[in-house]
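My notes follow in the order I looked things up.

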Amino acid sequence: MRVRCYIILVLTFVLVVGVLATPKHMVTFNRTYSPPKDSALGKAKCAACHVKGKELNLYGKDLQKVMREKGTKDVTVEILKAVESLDSDKDGVANLNELKAGTLPADSKSKP
Ligand SMILES: [Ca+2]
């Protein structure tokens, strides 16, 4: 019984830390597109929108442009939807189709 409580406590802690460690915009992104973990997009995590650190890639820059137009600093579902029809990396595939396929909307070498 005591071991079971300990395991539940540890698992709860890991879950809470995992959720708190995930930036809010990443949670919104993952809830909206649910990228498979083994896909290029699922493995990319922050690199879905960033080159390194806070520096944005082409897809991230398109999101930032809409955020500025809307006067917000939050990545909302509305912001994500606003760039779905764009082709940020100009590889001939719209961002939404890349996101659905689990490929990278900012990398022209990654496409369905
Ligand atoms: Ca691509």
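**Pocket**

A pocket here is an open set of points on a 1 Å grid over the protein atoms alone, where a 1.4 Å probe fits, with protein on both sides within 12 Å along at least five of seven lines. The largest pocket has 18 of them, and His 25, His 50, Leu 56, Met 67 and Val 75 lie nearest its centre. H2 and H4 each give at least two residues to this lining.

**Ground rules**

I noted that this is a predicted model, where local features need pLDDT of at least 70, side-chain atom pairs count only at pLDDT 80 or more, and totals for chains, interfaces and linings use all residues. Residues are numbered from 1 along each chain as its sequence is written, and side-chain values use heavy atoms, with hydrogens and water left out.

**Overall layout**

I found 6 helices and 2 strands in the protein. These are DSSP runs numbered from the N terminus: helices are H or I with at least four residues, strands are E with at least two. Along the sequence the pattern reads α-α-α-β-β-α-α-α. Of the 112 residues, 32% are buried. Buried means under 20% relative accessible area, exposed over 50%, and partly exposed in between, with a 1.4 Å probe and protein chains only.

**Core**

Which residues have the most contacts inside the largest nonpolar core? They are Phe 29, Tyr 33, Leu 41, Tyr 59, Leu 63, Leu 80 and Leu 99, in a core of 16 residues. Such a core is a set of buried Ala, Val, Leu, Ile, Met, Phe, Trp, Tyr and Cys residues joined through side-chain atoms within 4.5 Å. Helices H2 (24–33), H3 (40–44), H4 (58–70) and H5 each supply at least two residues of this core. The largest share, 4 residues, comes from H4.

I then checked Leu 80. Leaving aside neighbours within four places in sequence, Leu 80 is in contact (heavy atoms within 4.5 Å) with Thr 28, Phe 29, Thr 32, Tyr 33, Tyr 59, Leu 63 and Val 75.

**Calcium site**

I listed the protein donors of the calcium ion: Asp 89 (OD), Asp 91 (OD), Glu 98 (OE), Glu 98 (OE), Leu 104 (O), Asp 107 (O) and Ser 110 (O), lying 2.1 to 2.7 Å from the ion. Donors are N, O and S atoms within 2.8 Å of the metal, or 3.2 Å for Na, K and Ca; water is not among the atoms, so sites may look incomplete. Asp 89 sits in the loop between helix H5 (77–82) and helix H6 (95–101), while Ser 110 is in the segment after H6, 21 residues apart. Asp 89 is buried at 6% relative accessible area. Ser 110 is buried too, at 11%.

Most residues other than glycine have a negative phi. Lys 90 is not a glycine, yet has a positive phi of about 55 degrees. Lys 90 lies in the loop between H5 and H6. Is Lys 90 buried or exposed? Lys 90 is exposed, with 69% relative accessible area. Ser 34 also has a positive phi, about 40 degrees. Ser 34 is in the loop between H2 and H3, and is exposed at 54%.

Terms used: On a 1 Å grid over the protein atoms alone, a cavity is a set of points where a 1.4 Å probe fits but cannot get out, and a pocket is an open set with protein on both sides within 12 Å along at least five of seven lines; lining residues have an atom within 4 Å of a point.
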